[in-house]
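Dear colleague,

I am handing over the structure that we talked about, and below it I have put together what was found in it. Please read the notes with the structure open beside them.

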Amino acid sequence: MKQDFQSFHANLSALDDQAINPSANPSLGQLVDQGRRNLLKGGMGLAALGFLGGALSGCRGAVQSDSLIGFSGIPTQLDPKFDSVQVAPGYSARTFFSWGDAVLADAPAWNPDASDDWQAQLKQAGDNHDGMHFFPFPDAPDSHGLLVMNHEYVNPPLHPNGMTFIDGKRPLDEVRKEQAAHGLSIIEVKKDAQGQWQRVMPSRYNRRLSAMTPMGVGGPLAGNEALKTVADPSGREIIGTVNNCSSGFTPWGTYLMCEENWHNYFVNHDAADLAKRTSHKRYGIAGEGLSKLYGWETADARFNATPDPTQPHSGYVNEPNRFGWVVEVDPFDPQSKPVKRTAFGRYCRECSVLSLGEDGRMAFYSGDDTKGEYVYKFVPAGRFVPGADQANRQLLDSGTLYVARFNADGSGEWLALVHGQNGLTVENGFTDQAEVLLNARAAADQAGATPMDRPEWVAVHPRSREVYVTLTNNDNRGVKWPTDKANPRPVNLHGQILRWNEKDADPTATAFTWEVFLLAGEQPGAKDASGQPAPPNLTGTINGDIFSSPDGLAFDEAGRLWIETDYGDEEAAMQAMGTNQLLCADPHTREVRRFLVGPRGCEITGITWSPDYRAMWINIQHPELSFPASDGKTRPRSSTVLITKNDGGVIGT
Ligand code: FEO
Ligand code: CA
Ligand code: CA
């Protein structure tokens, strides 16, 4: 059996959309890149303020200008064969880093027939570039840095003939190559004498992490019984990370990988066990046949989570408990061991996005990207203290996990997922705090969180600390969950963006006020192909250029909100949208303007800038035609694209 690219992606989209929240919670209607070295060197000087986007300045001023967006928007790209990247007039896009490009100095050159083996793949760029962050070097922040990016999952063209099975089993060499193409790339980048950004090769910083890299465990679950397996009786060393979607960073200069759809890599064939094991069932782990994505368990026993009472710790039944966390990585220390931070709670985490108060108190916001799941924030117990490196390195191991309730009157509450509070008691099935964190979704059900339309990225305004979240879509809204004020459209194919203000702009507040920023979709009055008005569920409130399914989201220094989309551009409801897009919104006027369109079949994701905002990198994930990769060859390759303004100016002006 082999899988072709398009059917793989059709199946994958169906998996992404699977709703598995059984809770009957009432819906709302019913109810730094300066990095630690820079901070150490310069204290919280001007450079640090620049890195933090002014978050420390305490200026809670509204956006002053009604013309934040300076470029001319471009039209939708409707060509069914479009196979390039088109950007606003006056800007240029250059492919910068593609699947298979050398990362380590001794990496073999990539073979366009995809014949590289897994040992080569371990030294080359992984597949499906996703969340990304630029970490500047302190002595030349605007011209020298480390570009760090996730490789979320793999596509069939990873192999010469797609993904194969022999006698019902995946060949081990294919599985190892797929595992090697997951994870993270860290690449050194620098401006050359002509002022052009280039990769630095070789570099002592260049590094690959994969689904085979040993990682430590921090926080309340470290060494916990629930994390022990036959291969790791300590419960303190986890092999690898998978499905790292979006990401985050800390003010002390580390990167946060987020484990999203990890459940698709496991299977538990014991139906009786699966039915009562919340840490499997509530996350949608497969119960029969193959695991949902790749069938790795047929070649690598670690991914078969069926209990085996003949083995210590029942074999690998706990292996899925070791995924779903935040992984903290120090990009400036190539020898450092990544650490899974369990205080953040376990779910299908899209992102982990920092908000930092003037006094060093923090929140990290996350979406759980599945229909009917929740928006969370983790508040570390301690405060960030510039220069206190050793203390800062402990900050992510203790704190409070909260989940959001969006009330119909525009108020909101953060519900603490703390044992003994909000119904998280022994009587309700939670024996201790470790179990609350392990089964964060079940804890959020119990606490009464609001089921949302697939929460994806979060972005925090650099000055006001206003928080925005993309809710990408939910065709089951109005079916499995009633509509409500935050999720107002039944059969919601186009998604929406919400925003909220924490009480007193305090990241750690437990109360907030919220509103819908926009509903994505067609313009009111739009007609479909037969000349009929678009139905209300497909009609949005966008002031400007249309799009569907917002996913990636980030603010630049000036407060422009950049929106990236992820929809199936072949679907009937998307015909007016064209290919996936990068848009820019003004939070004050709510105007939206289209900045970039990608090739057919791709998702636009990942976004980061040099600190002067004159270079922007984005990722083109899983293009399906022959989008020109960094070598100009023809096999479709997920790629990082560098965008600059032709006059050298700030992007977006
Ligand atoms: Fe990997 Fe929710 O996108
Ligand atoms: Ca995403
Ligand atoms: Ca998405």
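Which residues of helix H5 (residues 172-180) are buried? They are Glu174, Val175, Lys177, Glu178, Gln179 and Ala180, where buried means under 20% relative accessible area, exposed over 50% and partly exposed in between, with a 1.4 Å probe and protein chains only. The cover over these buried residues of H5 includes helix H4 (118-121), strand E6 (163-164) and strand E9 (207-209). Helices (H or I, at least four residues) and strands (E, at least two) are DSSP runs, numbered from the N terminus.

Before going further, please keep in mind that this is a predicted model, in which local features need pLDDT of at least 70 and side-chain atom pairs count only at pLDDT 80 or more, while totals for chains, interfaces and linings use all residues. Residues are numbered from 1 along each chain as its sequence is written, chains are lettered from A and ligands numbered from 1 in the order in which they are written, and side-chain values use heavy atoms, with hydrogens and water left out.

The calcium sites

The calcium ion (ligand 2) is coordinated by Glu350 (OE), Glu456 (OE), Asp551 (OD) and Asp551 (OD), at 2.3 to 2.8 Å; donors here are N, O and S atoms within 2.8 Å of the metal (3.2 Å for Na, K and Ca), and since water is not among the atoms, sites may look incomplete. Along the chain, the donors of this ion follow the spacing E-x105-E-x94-D. Glu350 lies in the loop between strand E15 (339-341) and strand E16 (353-356), and Asp551 in strand E26 (residues 550-555), so the pair ties together parts that are 201 residues apart in sequence. Glu350 counts as buried at 0% relative accessibility, and Asp551 is buried too, with a relative accessible area of 2%.

The calcium ion (ligand 3) has Glu456 (OE), Asp551 (OD) and Asp566 (OD) as its coordinating residues, at 2.3 Å, and its donors are spaced E-x94-D-x14-D along the chain. Here Glu456 lies in strand E21 (residues 455-460) and Asp566 in the loop between strand E27 (561-565) and strand E28 (581-585), so that this pair ties together parts that are 110 residues apart in sequence. Glu456, which counts as buried at 2% relative accessibility, coordinates both calcium ions, ligand 2 and ligand 3, and these are 3.8 Å apart.

Pockets and a cavity

On a 1 Å grid over the protein atoms alone, a cavity is a set of points where a 1.4 Å probe fits but cannot get out, and a pocket is an open set with protein on both sides within 12 Å along at least five of seven lines; lining residues have an atom within 4 Å of a point. The largest pocket is lined by 45 residues, of which Ser13, Asp566, Tyr567, Gly568 and Glu571 lie nearest its centre. Helix H1 (residues 5-16) gives the most to that lining, with six residues.

The second largest pocket is lined by 18 residues, and those nearest its centre are Thr278, Ser279, Glu435, Leu438 and Asn439. Helix H7 (278-281) and helix H9 (433-438) each supply at least two residues of this lining, and H9 gives the most, with three.

The second largest cavity has 11 lining residues, with Asp127, Asn155, Pro157, Pro636 and Arg637 nearest its centre.

Asp130

Asp130 lies in strand E4 (residues 129-136) and is buried, with a relative accessible area of 0%. Leaving aside neighbours within four places in sequence, Asp130 is in contact (heavy atoms within 4.5 Å) with residues including Asn150, Glu152, Cys245, Trp457 and Asn619. The C-alpha atoms of Asp130 and Ser247 are separated by 8.4 Å, although the two residues are 117 residues apart along the chain.

With best wishes
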